[in-house]
Amino acid sequence: MYDGGKIITGVIIGLVFMTFPIWYTSGRAAKKPDIKLPVKEKQCVEPKEYMRVKHMQLLDLWRDSVVRVAQRSYVAFNGVKYDMSLQNTCISADCHAKKTEFCDQCHNYTGVVPYCWDCHIEPKEEPAEKPQAEEKH
Amino acid sequence: MNAIASLILSGGAISMLVAIPFLAVWVLPHVYGIRLEWLFGIVIPYLAAIIFFVGIIYRVVKWAKCPVPFRIPTTCAQQKSLPWIKYGYAEKLDNPISTAGVVGRMILEVLCFRSLFRSTKMEFGAGGNIKYKSSKWLWLAAIVFHYCFLVIILRHLRFFTDPMPFFVPIIEKVDGFFQFFLPVVYQSGFLIGAALTYLLLRRLLDPKLRYISLPADYFPLFLILTIAGTGILMRYVLKADVVSIKELTMGLVSFRPVVPEGISVLFYIHLFLVSVLFAYFPFSKLMHVAGVFLSPTRNLSNNSRIVRHINPWNPPVKIHTYEAYEDDFREKMIEAGLPVEKEAALPADKE
């Protein structure tokens, strides 16, 4: 082999770059998302399989409908009517009460940063409950 | 092979490569109840990765075994010469005599495709005059394609690392700069499609290029176009179960492979085509990724007038010096009256 030293160094550098995910991840157990499903409500506005992959498109549709057409009523696949609202319907107490226990689980796992919260105010969780109670006094 | 045969061959190959995972993952379970997700999700990707790494090392070692005894850089500028002949920055890059010059030249070559930028195309003008025209569109399409591919590969790290390295969200943000549609449109996916389409049309529309294009040229273009197409379909149109896909990819990376339920056949088509690309890579022109570093016309300095380069594998030459020659024939030379450098041994000794 001619210029073996240089070429082997180059190959090793290339290999280190190309195997980045293997050595970057090794030793760190990937934690799977742990979703807390609502206790009270059993059925979402669309079937689970649909919501798993297309919820973002549904929410986008809802936003357009509410903001641009002022149409707030959504007829679900089973005929039940819902109010098109991320914060009052989806993240209500009966459904996906906590963003961190539902939305964030998968979004953090797959590195998705939805821009819902550019406009919506992020719902405050546990620590926020006490100060609110104090304000009433 | 003519253009139509090449197109049919490479197009047919791609259609078959799409059909294989479709039939195996979509039709087989429905008709025969056989499930082959493990084959397309685990075995084939691992095999492809092994072929990729072993193949690249094999090719590089094979190249490294080729001797390059002499300096053969393509020189595009004035050679280092007498002090009053200009040897400035451009000359240092295009006719380098030092390692620094070579490194600079290689960096510009690898990162900016400089030689492609400088290439011209020859055409016949009016009256058969030869004209050299700038051909920057090829350079533009090539650089857009390569950088988009890099961005796409780096974006895919979100499936292969947990937590993501810091640069992935930055790349995603820049790539989705225009923030339209949902999920946010990444420009790179569509730009790579446009660049590949240009590179394909270039081969098809120019008669000279069409004549020299082979299935080995069309196949990678079709393959990468199909990979980009299935990716775009999965992200924007048909949608995919990203959480299950990440479980599969993380299983591959951490060597604890799993096949989660509910992954669509489109993902397996995408993954199979990527596996084919990886396995095909070492045997194809795509090896220029390693070859660019090993090009003697680029990576050598032009110092032939400064350093003497001796062919290292010259066989030892049998030489017969004059001294030895005279030793062999001295007596005969003296007999014939030829001059000798050393007188013959005195005959008196022998008596």
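This is a predicted model: local features need pLDDT of at least 70, side-chain atom pairs count only at pLDDT 80 or more; totals for chains, interfaces and linings use all residues.
Q: What span is expected of helix H11 of chain B, and what span does it reach?
A: The expected span is 1.5 Å times one less than the number of residues. H11(B), residues 215-237, has 23 residues, for which 33 Å is expected. From first C-alpha to last it reaches 31 Å, close to that value.

Q: Which residues of H11(B) are called buried, and what do they pack against?
A: A residue is buried if 20 or more other C-beta atoms lie within 10 Å of its own, exposed if 12 or fewer, and partly exposed in between, with C-beta atoms placed from the backbone. Among those that pass the buried cut-off in H11(B) are Tyr218(B), Phe219(B), Phe222(B) and Met234(B). The buried residues of this helix pack against helix H1 (3-31), helix H9 (187-205) and helix H13 (265-280) of chain B.

Q: Why is E1(B) said to lie in the open?
A: The number of buried residues among the 5 of E1(B) is 0, so the strand lies largely in the open. Strand E2 (residues 130-134) of chain B is hardly covered either, with 0 buried among its 5 residues.

Q: How do you know that E1(B) and E2(B) pair?
A: Two strands pair if DSSP finds at least two bridges between them. Strand E1 (residues 120-124) and E2(B) are joined by 5 bridges, so they meet that rule, and they run antiparallel. Met122(B) stands opposite Tyr132(B), and Lys121(B) has Lys133(B) as its bridge partner. The two strands form a hairpin with 5 residues between them, and Gly127(B) in the turn has a positive phi of about 70°.

Q: What makes chain B more spread out than a compact globule?
A: The globule rule is 2.2 Å times the number of residues to the power 0.38, and the radius of gyration is taken over C-alpha atoms. For 351 residues the rule gives 20 Å, but chain B has 31 Å, well over that, so the chain is more spread out than a compact globule. Its C-alpha trace spans about 110 × 60 × 45 Å along the principal axes. There are 16 helices and 2 strands in this chain, and 22% of its residues count as buried.

Q: Where do the domains of chain B lie?
A: Domain 1 covers 3-317 and domain 2 covers 318-351; such bounds come from an automatic or database domain assignment. Their centres, taken over C-alpha atoms, are 70 Å apart.

Q: How many residues of chains A and B are in contact with each other?
A: Two residues are in contact if their C-beta atoms, placed from the backbone, lie within 7 Å. By that rule 27 residues of chain A touch 29 residues of chain B. H3(A) gives the largest share of chain A's side, 6 residues.

Conventions
Residues are numbered from 1 along each chain as its sequence is written. Chains are lettered from A and ligands numbered from 1 in the order in which they are written. Helices (H or I, at least four residues) and strands (E, at least two) are DSSP runs, numbered from the N terminus.
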